[in-house]
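Open the model in your viewer and keep the selection tool at hand. The stops below say what to select next and what is there.

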Amino acid sequence: MDKQYRLKRTLKQLTGLSALALFTCTAAQAANWRYAHEEYAGDVQDVYAYKFKEYIEEHSDHTLQVYRFGELGESDDIMEQTQAGILNFVNQSPGFTGSLIPEAQIFFIPYLMPTDMKSVVKFFRESKAINEDFPKLYAEKGLELLTMYPEGEMVITLDEKATTPQELDNKKIRVMTNPLLSETYSAFGATPTPLPWGEVYGALQTNMIQGHENPIFWIESGKLYEVSPNLIFTGHGWFTTAMMANQDFYNGLSDDDQQLVHKAADYAFEEILQHIDGLADRSLAKITDSSDKVTVTRLNDEQINAFKERAPQVESKFIEMTGDSGKALLKQFKQDLKDL
């Protein structure tokens, strides 16, 4: 079954790539830029993409084609297509980019980031690590980082209530293909289980896994609460994502078009900050209105400390994975957070 799934997905991707390739040679003349992201219609990355598109098309003769999750494959697929120059822009979270840029996994060190909206926004606006250090790391991989932005606080869903690391013992928690995220859930006492996003709902439904993590808007959008109804707010971090361009494409743009792209990215960033303000509360209300089986647990300070005490081993693993580069980035992160 797994082999058939992979074959079907590959054929679908090849069909999509063939269609896109027909336009690649004429992209300069047609000025029809191509942008892919990891989420569904109306989700945060989709809203950002369409705000970016709105600005581009209102301030130039260019057009922008947006591809949502699944239309060109999964997250790894759209990154490969961007690096190959088939796509011009891609929105990919560090959870997946971590295999390409190990330092991007820094966002998965638990309890490193604040969780209150005001502090998170200030950090993304002012952080030297975000705005100066990360663009250099992405450039080394042929990518022009245009913006990083927050999507929402991470929430764990489980098959039963839990408030301690001991209650996560032997629970299989779905994680992205991200070594540091696996380390986090190992530290929390669970069994990290990497799975493609398209298999998560079914895996929860059949008890192949017992939980996963995501921002609450994504749990609502994907109806994950139907099969994993116990929502646990641990305060361990925010889901972060990044929008970037193929660097060869970007470098080939005129100065005016480069400015246009940056202004569009800045415009979409401001719009998305407004969009996510209150989004978690609205999404949680939709969930609780839709199901009487849902439970909501918010850990108190004492309970959070039990998880937080396990974070240093994840931080040590991050430095082990990334060496001096990661160590310097982590130092700058902490300084930026201290300066908030």
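How much space lies in the largest pocket? About 300 Å³. A pocket here is an open set of points on a 1 Å grid over the protein atoms alone, where a 1.4 Å probe fits, with protein on both sides within 12 Å along at least five of seven lines; lining residues have an atom within 4 Å of a point. Grid points are joined across faces, edges and corners, and a volume is the space filled by probe spheres set on the points.

The model is predicted: local features need pLDDT of at least 70 and side-chain atom pairs count only at pLDDT 80 or more, while totals for chains, interfaces and linings use all residues. Residues are numbered from 1 along each chain as its sequence is written, and side-chain values use heavy atoms, with hydrogens and water left out.

**Stop 1: the largest pocket.** Select Glu153, Trp238, Ile276, Ala280 and Asp281, which lie nearest the centre of this pocket among its 19 lining residues. Two or more lining residues come from each of β4 (143–158), α10 (216–221) and α13 (279–290). Helices (H or I, at least four residues) and strands (E, at least two) are DSSP runs, numbered from the N terminus.

**Stop 2: the second largest pocket.** Its space is about 200 Å³. Select Phe124, Arg125, Ile130, Asn131, Pro135, Leu145, Leu146, Thr147, Met148, Asp266 and Phe269 to show the lining. Which element gives the largest share of this lining? It is β4, with four residues.

**Stop 3: α12.** Now select 255–276, the range of α12, which also gives two or more residues to the lining of the second largest pocket. α12 has 22 residues and spans 32 Å from first C-alpha to last, close to the 32 Å expected at 1.5 Å a residue; the expected span is 1.5 Å times one less than the number of residues. Its buried residues (under 20% relative accessible area, 1.4 Å probe, protein chains only) include Leu260, Val261, Ala264, Ala265, Ala268 and Phe269. An α-helix has 3.6 residues a turn, so residues three or four places apart point the same way. After α12 comes Gly278, with a positive phi near 90 degrees.

**Stop 4: Phe69.** Select Phe69 in the loop between β2 (63–67) and α4 (75–83). Is Phe69 buried or exposed? Phe69 counts as buried because its relative accessible area is 17%. Leaving out residues up to four places away in sequence, Phe69 touches His37, Glu38, Glu39, Tyr40, Glu74, Trp197 and Gly198; contact means heavy atoms within 4.5 Å.

Terms used:
Buried means under 20% relative accessible area, exposed over 50%, partly exposed in between (1.4 Å probe, protein chains only).
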